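Dear colleague,

Please find below the sequence and the structure that I am handing over to you. My account of what was found follows directly after them.

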Number of protein chains: 2
Amino acid sequence: MDAATEAVLAANAAFYSAFNERDTASMDVIWARRAAVSCIHPHGNLLTSREQVMASWFAMLANPAQGKIVVGGEVVSVRGEMAMVACREFVAGTPVVATNLFVLEDGHWRMAHHHGSPVALARG
Amino acid sequence: MDAATEAVLAANAAFYSAFNERDTASMDVIWARRAAVSCIHPHGNLLTSREQVMASWFAMLANPAQGKIVVGGEVVSVRGEMAMVACREFVAGTPVVATNLFVLEDGHWRMAHHHGSPVALARG
(Lines give C-alpha, C1' and ligand atoms only; values in the text may rest on other atoms or scores of the structure.)
Protein backbone atom coordinates (compact mmCIF):
# COMPACT_ATOMS: atom_id res chain seq x y z
CA MET A 1 0.00 0.00 0.00
CA ASP A 2 1.48 3.38 -0.97
CA ALA A 3 1.77 6.39 1.34
CA ALA A 4 -1.15 8.31 -0.22
CA THR A 5 -3.51 5.33 0.14
CA GLU A 6 -2.42 4.92 3.76
CA ALA A 7 -3.00 8.61 4.45
CA VAL A 8 -6.47 8.50 2.85
CA LEU A 9 -7.43 5.43 4.88
CA ALA A 10 -6.20 7.19 8.02
CA ALA A 11 -8.37 10.21 7.19
CA ASN A 12 -11.34 7.89 6.63
CA ALA A 13 -10.71 6.18 9.98
CA ALA A 14 -10.38 9.57 11.70
CA PHE A 15 -13.82 10.52 10.37
CA TYR A 16 -15.42 7.45 11.93
CA SER A 17 -13.47 7.91 15.19
CA ALA A 18 -14.69 11.50 15.46
CA PHE A 19 -18.23 10.28 14.88
CA ASN A 20 -18.03 7.48 17.45
CA GLU A 21 -16.33 9.67 20.05
CA ARG A 22 -18.86 12.50 19.45
CA ASP A 23 -15.85 14.74 18.90
CA THR A 24 -17.29 17.85 17.26
CA ALA A 25 -13.93 19.70 17.11
CA SER A 26 -12.27 16.83 15.21
CA MET A 27 -15.30 16.43 12.94
CA ASP A 28 -15.02 20.11 12.05
CA VAL A 29 -11.29 19.80 11.27
CA ILE A 30 -11.84 16.66 9.17
CA TRP A 31 -14.12 18.44 6.67
CA ALA A 32 -12.50 20.58 3.95
CA ARG A 33 -12.41 24.35 4.45
CA ARG A 34 -11.78 25.68 0.95
CA ALA A 35 -13.08 22.90 -1.27
CA ALA A 36 -16.85 22.74 -1.74
CA VAL A 37 -18.37 20.18 0.61
CA SER A 38 -21.55 18.19 0.24
CA CYS A 39 -23.27 15.33 2.03
CA ILE A 40 -26.07 12.80 1.58
CA HIS A 41 -27.27 11.01 4.73
CA PRO A 42 -29.28 7.76 4.62
CA HIS A 43 -32.71 8.54 3.11
CA GLY A 44 -31.62 12.18 2.88
CA ASN A 45 -31.30 14.71 0.12
CA LEU A 46 -28.15 16.46 -1.09
CA LEU A 47 -26.73 19.02 1.37
CA THR A 48 -24.46 21.49 -0.44
CA SER A 49 -23.08 24.05 1.99
CA ARG A 50 -20.47 23.54 4.71
CA GLU A 51 -22.86 25.12 7.19
CA GLN A 52 -25.65 22.63 6.37
CA VAL A 53 -23.27 19.69 6.31
CA MET A 54 -21.61 20.44 9.64
CA ALA A 55 -24.97 21.21 11.29
CA SER A 56 -26.18 17.77 10.23
CA TRP A 57 -23.16 16.06 11.82
CA PHE A 58 -23.26 18.15 14.98
CA ALA A 59 -26.93 17.25 15.43
CA MET A 60 -26.06 13.56 15.19
CA LEU A 61 -23.11 13.89 17.57
CA ALA A 62 -25.35 15.68 20.08
CA ASN A 63 -28.03 12.98 19.91
CA PRO A 64 -27.62 10.59 22.85
CA ALA A 65 -29.58 7.92 20.94
CA GLN A 66 -27.18 8.00 17.98
CA GLY A 67 -25.57 4.57 17.52
CA LYS A 68 -21.90 4.06 16.82
CA ILE A 69 -20.56 3.04 13.42
CA VAL A 70 -18.46 -0.04 12.77
CA VAL A 71 -16.68 0.41 9.43
CA GLY A 72 -15.02 -2.12 7.13
CA GLY A 73 -14.45 -3.33 3.58
CA GLU A 74 -12.77 -0.11 2.47
CA VAL A 75 -12.01 0.29 -1.26
CA VAL A 76 -9.69 3.22 -2.01
CA SER A 77 -8.97 5.19 -5.20
CA VAL A 78 -6.39 7.99 -5.13
CA ARG A 79 -5.41 10.30 -8.00
CA GLY A 80 -3.23 13.26 -7.18
CA GLU A 81 -5.11 15.50 -4.76
CA MET A 82 -8.49 13.72 -4.75
CA ALA A 83 -9.40 10.34 -3.35
CA MET A 84 -12.46 8.19 -2.74
CA VAL A 85 -13.14 5.54 -0.15
CA ALA A 86 -16.16 3.29 -0.58
CA CYS A 87 -16.89 1.23 2.52
CA ARG A 88 -19.47 -0.61 4.53
CA GLU A 89 -20.85 0.69 7.79
CA PHE A 90 -22.88 -0.95 10.47
CA VAL A 91 -24.76 1.79 12.26
CA ALA A 92 -26.28 0.36 15.44
CA GLY A 93 -26.50 -2.95 13.55
CA THR A 94 -28.05 -1.55 10.36
CA PRO A 95 -25.99 -2.22 7.21
CA VAL A 96 -25.11 0.98 5.35
CA VAL A 97 -22.78 1.61 2.40
CA ALA A 98 -20.82 4.84 2.13
CA THR A 99 -18.91 6.80 -0.48
CA ASN A 100 -16.41 9.23 1.06
CA LEU A 101 -14.56 11.80 -1.04
CA PHE A 102 -11.34 13.43 0.17
CA VAL A 103 -9.24 16.31 -1.14
CA LEU A 104 -5.73 17.34 -0.17
CA GLU A 105 -5.72 20.73 1.64
CA ASP A 106 -2.43 22.06 3.09
CA GLY A 107 -0.99 18.55 3.05
CA HIS A 108 -3.96 16.95 4.85
CA TRP A 109 -6.66 14.75 3.37
CA ARG A 110 -9.96 16.44 4.20
CA MET A 111 -13.47 15.12 3.58
CA ALA A 112 -15.31 16.90 0.76
CA HIS A 113 -18.34 14.60 0.37
CA HIS A 114 -20.03 11.78 2.26
CA HIS A 115 -22.86 9.67 0.90
CA GLY A 116 -24.39 6.99 3.09
CA SER A 117 -27.33 4.74 2.20
CA PRO A 118 -28.90 1.76 3.90
CA VAL A 119 -28.63 -1.69 2.32
CA ALA A 120 -31.85 -3.67 2.03
CA LEU A 121 -31.03 -6.98 3.67
CA ALA A 122 -32.96 -9.03 1.10
CA ARG A 123 -30.63 -7.71 -1.60
CA GLY A 124 -27.52 -8.37 0.53
CA MET B 1 -17.11 27.26 -16.00
CA ASP B 2 -13.67 25.89 -16.89
CA ALA B 3 -12.98 23.28 -19.57
CA ALA B 4 -12.44 20.40 -17.13
CA THR B 5 -15.73 21.08 -15.34
CA GLU B 6 -17.51 21.21 -18.70
CA ALA B 7 -15.93 17.93 -19.76
CA VAL B 8 -16.90 16.23 -16.48
CA LEU B 9 -20.49 17.46 -16.79
CA ALA B 10 -20.56 16.18 -20.39
CA ALA B 11 -19.36 12.75 -19.17
CA ASN B 12 -22.04 12.79 -16.48
CA ALA B 13 -24.70 13.66 -19.07
CA ALA B 14 -23.42 10.91 -21.41
CA PHE B 15 -23.88 8.38 -18.61
CA TYR B 16 -27.55 9.33 -18.18
CA SER B 17 -28.10 9.42 -21.96
CA ALA B 18 -26.66 5.91 -22.32
CA PHE B 19 -28.98 4.75 -19.54
CA ASN B 20 -32.07 6.38 -21.00
CA GLU B 21 -31.33 5.17 -24.54
CA ARG B 22 -30.56 1.64 -23.26
CA ASP B 23 -27.25 1.95 -25.11
CA THR B 24 -25.13 -0.88 -23.70
CA ALA B 25 -22.13 -0.13 -25.96
CA SER B 26 -21.93 3.47 -24.77
CA MET B 27 -22.47 2.42 -21.15
CA ASP B 28 -19.51 0.06 -21.47
CA VAL B 29 -17.28 2.81 -22.93
CA ILE B 30 -18.32 5.30 -20.24
CA TRP B 31 -16.97 3.13 -17.40
CA ALA B 32 -13.22 3.20 -16.72
CA ARG B 33 -11.11 0.32 -18.04
CA ARG B 34 -7.95 0.54 -15.97
CA ALA B 35 -9.07 2.32 -12.84
CA ALA B 36 -10.89 0.22 -10.26
CA VAL B 37 -14.65 0.64 -10.62
CA SER B 38 -17.36 0.22 -8.01
CA CYS B 39 -21.08 0.87 -7.74
CA ILE B 40 -23.87 1.12 -5.20
CA HIS B 41 -27.42 0.97 -6.54
CA PRO B 42 -30.45 2.17 -4.54
CA HIS B 43 -30.92 -0.20 -1.55
CA GLY B 44 -27.94 -2.20 -2.86
CA ASN B 45 -24.61 -3.24 -1.49
CA LEU B 46 -21.15 -2.28 -2.76
CA LEU B 47 -20.22 -3.89 -6.10
CA THR B 48 -16.45 -3.88 -6.58
CA SER B 49 -15.53 -5.52 -9.89
CA ARG B 50 -16.04 -4.16 -13.39
CA GLU B 51 -17.75 -7.42 -14.34
CA GLN B 52 -20.30 -7.10 -11.51
CA VAL B 53 -20.84 -3.40 -12.12
CA MET B 54 -21.41 -3.71 -15.87
CA ALA B 55 -23.66 -6.78 -15.41
CA SER B 56 -25.83 -4.69 -13.07
CA TRP B 57 -26.22 -1.92 -15.65
CA PHE B 58 -26.80 -4.27 -18.57
CA ALA B 59 -29.56 -6.01 -16.58
CA MET B 60 -31.26 -2.65 -16.02
CA LEU B 61 -30.86 -1.61 -19.68
CA ALA B 62 -32.39 -4.93 -20.76
CA ASN B 63 -35.39 -4.54 -18.46
CA PRO B 64 -38.36 -3.19 -20.43
CA ALA B 65 -39.95 -1.98 -17.18
CA GLN B 66 -36.92 0.17 -16.27
CA GLY B 67 -37.92 3.81 -16.03
CA LYS B 68 -35.90 6.67 -17.48
CA ILE B 69 -33.86 9.04 -15.33
CA VAL B 70 -34.31 12.82 -15.32
CA VAL B 71 -31.15 14.38 -13.86
CA GLY B 72 -30.51 17.84 -12.42
CA GLY B 73 -28.91 19.92 -9.69
CA GLU B 74 -25.38 18.83 -10.53
CA VAL B 75 -22.59 19.88 -8.15
CA VAL B 76 -19.10 19.32 -9.59
CA SER B 77 -15.64 19.04 -7.98
CA VAL B 78 -12.58 18.55 -10.18
CA ARG B 79 -8.95 18.09 -9.02
CA GLY B 80 -6.45 17.04 -11.62
CA GLU B 81 -7.46 13.63 -12.97
CA MET B 82 -10.33 12.86 -10.59
CA ALA B 83 -13.74 14.49 -10.37
CA MET B 84 -17.04 14.06 -8.58
CA VAL B 85 -20.55 15.00 -9.59
CA ALA B 86 -23.30 14.90 -6.98
CA CYS B 87 -26.76 15.24 -8.51
CA ARG B 88 -30.44 14.56 -8.15
CA GLU B 89 -32.22 11.96 -10.21
CA PHE B 90 -35.88 11.29 -10.76
CA VAL B 91 -36.19 7.64 -11.72
CA ALA B 92 -39.70 7.01 -13.00
CA GLY B 93 -40.80 9.79 -10.62
CA THR B 94 -38.91 8.53 -7.55
CA PRO B 95 -36.42 11.04 -6.10
CA VAL B 96 -32.89 9.65 -5.92
CA VAL B 97 -29.57 11.32 -5.12
CA ALA B 98 -26.37 10.20 -6.79
CA THR B 99 -22.63 10.54 -6.30
CA ASN B 100 -20.68 9.92 -9.51
CA LEU B 101 -16.88 9.64 -9.54
CA PHE B 102 -14.87 10.15 -12.73
CA VAL B 103 -11.20 9.60 -13.59
CA LEU B 104 -9.27 10.78 -16.63
CA GLU B 105 -8.21 7.86 -18.83
CA ASP B 106 -6.50 8.54 -22.17
CA GLY B 107 -7.87 12.07 -22.17
CA HIS B 108 -11.48 11.01 -21.49
CA TRP B 109 -13.42 11.32 -18.25
CA ARG B 110 -14.60 7.81 -17.38
CA MET B 111 -16.92 6.76 -14.58
CA ALA B 112 -15.16 4.95 -11.72
CA HIS B 113 -17.96 4.88 -9.13
CA HIS B 114 -21.70 5.47 -8.96
CA HIS B 115 -23.73 5.63 -5.76
CA GLY B 116 -27.46 6.13 -6.00
CA SER B 117 -29.90 6.19 -3.08
CA PRO B 118 -33.58 7.05 -2.78
CA VAL B 119 -34.68 10.14 -0.90
CA ALA B 120 -37.43 9.68 1.67
CA LEU B 121 -40.00 12.29 0.69
CA ALA B 122 -40.82 13.17 4.28
CA ARG B 123 -37.20 14.25 4.78
CA GLY B 124 -37.15 16.27 1.56
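**A residue to begin with**

Leaving aside neighbours within four places in sequence, A:Phe15 is in contact with A:Ile30, A:Asn100 and A:Met111; two residues are in contact if their C-beta atoms, placed from the backbone, lie within 7 Å. A:Phe15 belongs to helix α1 of chain A, which covers residues 3-20. Helices (H or I, at least four residues) and strands (E, at least two) are DSSP runs, numbered from the N terminus. A:Phe15 counts as buried because it has 25 C-beta neighbours inside 10 Å. The cut-offs are as follows: a residue is buried if 20 or more other C-beta atoms lie within 10 Å of its own, exposed if 12 or fewer, and partly exposed in between, with C-beta atoms placed from the backbone. A:Gln52 is 37 residues away from A:Phe15 in sequence, and the C-alpha atoms of the two are 17 Å apart in space.

**Basis of the model**

This is a predicted model, in which local features need pLDDT of at least 70 and side-chain atom pairs count only at pLDDT 80 or more, while totals for chains, interfaces and linings use all residues. Residues are numbered from 1 along each chain as its sequence is written, and chains are lettered from A and ligands numbered from 1 in the order in which they are written.

**Chain A as a whole**

Chain A contains three helices and six strands. Read from the N terminus, its elements follow the order α-α-β-β-α-β-β-β-β. The C-alpha trace of chain A spans about 35 × 30 × 25 Å along its principal axes. A compact globule of 124 residues would have a radius of gyration near 14 Å, and chain A agrees with this at 14 Å; the radius is taken over C-alpha atoms, and the globule rule is 2.2 Å times the number of residues to the power 0.38. Of the 124 residues in chain A, 38% are buried. Among contacts in chain A between residues at least 6 apart in sequence, 45% join residues at least 24 apart.

**The sheet of chain A**

The six strands of chain A form an open sheet with mixed pairing, in the order β2-β1-β6-β5-β4-β3. At its edges stand β2 (46-47) and β3 of chain A, each with a single partner strand, so one side of each has no neighbour in the sheet. Two strands pair if DSSP finds at least two bridges between them. β4(A) and β5(A) run antiparallel and are joined by 10 bridges; A:Phe90 stands opposite A:Pro95 in β5(A). Helix α1(A) packs on the sheet, where it touches β3, β4, β5 and β6 of chain A, and its direction makes about 150 degrees with that of β3(A). For such angles, axes are lines fitted to C-alpha atoms, for helices over the stretch in contact, and angles run from 0 to 180 degrees between N-to-C directions.

**The hairpins of chain B**

In chain B, strand β4 (residues 82-91) and strand β5 (residues 94-105) pair in the antiparallel sense over 10 bridges. B:Val91 stands opposite B:Thr94 in β5(B). These two strands, β4(B) and β5(B), form a hairpin with two residues between them, and B:Ala92 in the turn has a positive phi of about 50 degrees.

β5(B) also pairs in the antiparallel sense with strand β6 (residues 108-118) of chain B, over 10 bridges. Here B:Glu105 is opposite B:His108 in β6(B). The hairpin of β5(B) and β6(B) has two residues between the strands, and B:Asp106 takes a positive phi near 50 degrees.

Strand β1 (residues 38-40) of chain B pairs with β6(B) in the parallel sense over three bridges, and B:Cys39 has B:His114 as its bridge partner in β6(B).

**How the two chains meet**

The contact takes 31 residues from chain A and 31 residues from chain B. On the side of chain A that touches chain B, β1 (38-40), β3 (69-79), β4 (82-91), β5 (94-105) and β6 (108-118) of chain A each supply at least two residues. The residues of that side divide into 14 nonpolar, 13 polar and four charged; Ala, Val, Leu, Ile, Met, Phe, Trp, Tyr, Cys and Pro count as nonpolar, Asp, Glu, Lys and Arg as charged, and the others, Gly among them, as polar.

The same surface serves both copies, since 100% of the contact residues of chain A recur in chain B.

With kind regards
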